[in-house]
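Open the model in your viewer and keep the selection tool at hand.

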Amino acid sequence: MSRFLSQRLRSLEPYTPGEQPKTTDFVKLNTNESPFPPSPKAQAAAAEAAKKLHLYSDPTCRALTQAVADHLGLGFDNVLMTNGSDEILSFAFQCFCDSETPAVFADITYGFYEVFARLYCLPYEKIPLNEDLSLPVEAFCKAKGTLFIANPNAPTGLSLSTAQIESILQSDPHRLVLIDEAYVDFGGESCIPLLSRYSNLLVTQTFSKSRSMAGARLGFGAASEEIIRDLNTVKYSTNPYNVNAMTMAAGLGVMADEEYTRANCRTVMENRAYTTQKLRDMGFFVTDSQTNFVFAAHPQCHGAVIAQKLKERKILVRHFTSPRIANFNRITIGTKEQMDTLLQALEQILKEEN
Ligand SMILES: *Cc1c(COP(=O)(O)O)cnc(C)c1O
């Protein structure tokens with residue numbers, strides 16, 4: 001820390017991204033990336049756009065915003081494209097929380113929520129997940145502030161039905177509810193159709209997981225025109241060119257290749273069912289994930305030991321140290337071959353440890 005650092009940032013603990021190894025010989029199951037390359041249409045469009053990088057990108061992101069809005073059955077003014085969905089989350093914390101309106105989120109959820117609350121010096125409240133790690137609907141209904149709910153939740157993989165989200169929305173129409181649908185394309189129920197009936201709903205999604213574009217940084221928020229206007233105020237006060245030209249083009253390319261995205265999601269879901277079953281056969285407790293990862297713990301071998309032993313075998317998974325989930329690992333669903341490599345390694349590790 002330099003002596004110049006603002007007082008406000010001195011105790012901030014930044015988000016820790018999953019390890020990106022320097023060598024390529026790892027089976028990388030630690031950051032929930034897609035195992036499949038981006039759509040060929042996305043790749044071709046990005047290459048074409050590279051020829052015009054001397055020009056600023058379109059600050060209104062017109063063509064891509066319209067394509068996403070059309071896909072969701074929404075209007076152009078109901079969508080804001082951002083630099084990853086982390087950016088729309090950042091805008092939302094800046095826009096819709098203050099000293100009177102705390103940010104409210106689960107104790108076990110996406111780590112960035114707490115980082116943003118602290119970065120922007122916002123009061124916040126953490127609501128404990130239920131004993132079975134499911135999201136606490138009742139407690140969310142009673143909470144005061146702006147709610148941030150990852151649905152499906154990470155790293156548990158568990159989700160709420162739209163009926164449960166509706167009960168939260170109805171419990172206080174004067175409270176904004178942000179539903180972070182980063183993983184919704186892997187079997188969850190999207191809240192996008194609720195937007196026409198609830199003006200206190202903001203839904204965010206990302207191109208990082210189901211659309212194989214984590215490195216492009218593309219996400220969006222969908223909400224009422226008023227909410228989108230508020231978010232645009234922050235966008236135009238931070239970075240009007242928040243989505244770069246190559247990413248914008250790649251986004252349009254993948255939106256024109258919906259069957260490619262659907263097919264990849266189906267494969268991930270098949271591999272998830274396969275992996276879940278095999279892990280359970282080995283004695284793991286595995287949640288019923290509706291995401292592109294599984295969340296698993298073994299009664300006879302600690303999560304930290306498993307993560308370490310896998311790393312020695314060049315397989316990366318994500319281990320979290322917070323006490324309630326320290327025995328678990330979050331394991332990204334990759335190709336069938338990658339999952340078989342993982343499962344074989346786990347069998348060996350369990351033999352060694354017991
Ligand atoms: C991955 C993820 C995001 C954001 O990803 P971006 O790459 O910034 O779009 C947001 N929320 C959750 C719960 C995630 O897992």
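**Stop 1: the ligand shell**

Count the shell around the ligand by class: 3 nonpolar, 4 polar and 4 charged residues. Here Ala, Val, Leu, Ile, Met, Phe, Trp, Tyr, Cys and Pro count as nonpolar, Asp, Glu, Lys and Arg as charged, and the others, Gly among them, as polar. This is a predicted model, where local features need pLDDT of at least 70 and side-chain atom pairs pLDDT 80 or more, while totals for chains, interfaces and linings use all residues. Residues are numbered from 1 along each chain as its sequence is written, and side-chain values use heavy atoms, with hydrogens and water left out.

Now select G84, S85, D86, Y110, D180, A182, Y183, T206, S208, K209 and R217; they surround the ligand. Each has a heavy atom within 4 Å of it. Colour helix 3, residues 84–96: this helix gives the most to the shell, with 3 residues. Helices (H or I, at least four residues) and strands (E, at least two) are DSSP runs, numbered from the N terminus.

**Stop 2: polar contacts**

Look for pairs of N or O atoms within 3.5 Å.

- S85: a backbone N or O atom lies 2.6 Å from a ligand oxygen.
- S208: a polar side-chain atom is 2.6 Å from an oxygen of the ligand.
- R217: a side-chain N or O atom is 2.7 Å from a ligand oxygen.

How much of the ligand does the protein bury? Alone, the ligand exposes 380 Å², and the protein buries 93% of that. The areas come from the Shrake-Rupley method with a 1.4 Å probe.

**Stop 3: the largest pocket**

Zoom out. The ligand sits in the largest pocket, with more than half of its atoms within 2 Å of the pocket's grid points. A pocket is an open set of points on a 1 Å grid over the protein atoms alone, with protein on both sides within 12 Å along at least five of seven lines; a cavity is a set where a 1.4 Å probe fits but cannot get out; lining residues have an atom within 4 Å of a point.

The largest pocket holds about 1,300 Å³ of space. Select Y15, T16, Y110, G111 and R318, the closest to its centre of the 46 lining residues. Next, show helix 4, which gives the most to this lining, with 4 residues.

**Stop 4: the cavity**

The structure holds 1 cavity of 30 Å³ or more. About 50 Å³ of space lies in the largest cavity. Select its lining, including E33, F36, K209, N264 and I333.

Terms used. Polar contact = N/O pair within 3.5 Å; in protein donor to acceptor, adjacent residues only side chain to side chain. Points joined across faces, edges and corners; volume = space filled by probe spheres on them.
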